[in-house]
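Dear colleague,

Please find below the structure I am handing over to you. I would be grateful if you could look through it before reading my notes.

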Amino acid sequence: MSRSILRRMAPWITERVRTNQRLLLSSAVAQSSPSPQSPEPVHMTDNCIRRLKELCAKEESSDGKMLRLSVEAGGCSGFQYSFSLDKNKTTDDRIFEKDGVKLVVDSVSYDFVKGATVDYVEELIRSAFLVVENPSAVGGCSCKSSFMIK
């Protein structure tokens, strides 16, 4: 029975993913060129900074690693946040630094998260980096890993 539900839902899910990818790509094409002024920052809370410092102190191979925040099409609300530790940066990356900790956001993702705040939360069911405030989002799912844009 569950297979029949999946088969019936597969076209809808596929179309939703395609629609989200088109939205993400059209937003990237429509974005204006970056202004020479300083960009609107993406903020990090004290918990976020503390946890990144802990992660870097635990691993010797973490020298120079930064927290990378990117936005991908998908998730239950249309777009989802993705976090990773990364040593590499590209020419279109925007780097935000506070207390020696760096947050990296690529230029396409930046349009979705400018002015946002990244936090690290520890809950009973998980511990994770989360975007807790995003002025570009109008709503999202209850787990705070996906959002809808304005």
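The notes below describe the sheet and then the salt bridges.

Please bear in mind that this is a predicted model. Six strands form an open sheet with mixed pairing, in the order 4-5-2-3-9-8. Strand 4 (94-98) and strand 8 (137-140) are the edge strands; each has a single partner, so one side of each lacks a neighbour in the sheet. From one strand to the next, the twist averages 35°. Strand 4 pairs with strand 5 (residues 101-105) in the antiparallel sense over five bridges, and Phe-96 stands opposite Leu-103 of strand 5. Helix 2 (residues 46-58) packs on the sheet, where it touches strand 2 (66-73), strand 3 (79-86), strand 4 and strand 5. The direction of helix 2 makes about 105° with that of strand 5.

The structure contains six salt bridges. In one of them, Arg-68 meets Asp-86, with the closest N and O atoms 2.7 Å apart. Arg-68 belongs to strand 2 and Asp-86 to strand 3, so this pair ties together parts 18 residues apart in sequence. Arg-68 also forms a salt bridge with Asp-93 (2.8 Å, N to O). Asp-93 lies in the loop between strand 3 and strand 4, so here the parts tied together are 25 residues apart in sequence. Both Arg-68 and Asp-93 are buried, and Asp-86 is buried as well, at a relative accessible area of 18%.

A further salt bridge joins Glu-122 to Arg-50, at 3.8 Å between the closest N and O atoms. Glu-122 is in strand 6 (residues 117-122) and Arg-50 in helix 2, so the pair links parts 72 residues apart in sequence. Glu-122 is exposed, at 54% relative accessibility, while Arg-50 is partly exposed, at 34%. Both residues belong to a network of salt bridges that also includes Arg-51 and Glu-54.

With kind regards

Key
Residues are numbered from 1 along each chain as its sequence is written. This is a predicted model: local features need pLDDT of at least 70, side-chain atom pairs count only at pLDDT 80 or more; totals for chains, interfaces and linings use all residues. Side-chain values use heavy atoms; hydrogens and water are left out. Two strands pair if DSSP finds at least two bridges between them. Helices (H or I, at least four residues) and strands (E, at least two) are DSSP runs, numbered from the N terminus. Axes are lines fitted to C-alpha atoms, for helices over the stretch in contact, and angles run from 0 to 180 degrees between N-to-C directions. Contact means heavy atoms within 4.5 Å. A salt bridge is a side-chain nitrogen of Lys or Arg within 4 Å of a carboxyl oxygen of Asp or Glu. Buried means under 20% relative accessible area, exposed over 50%, partly exposed in between (1.4 Å probe, protein chains only).
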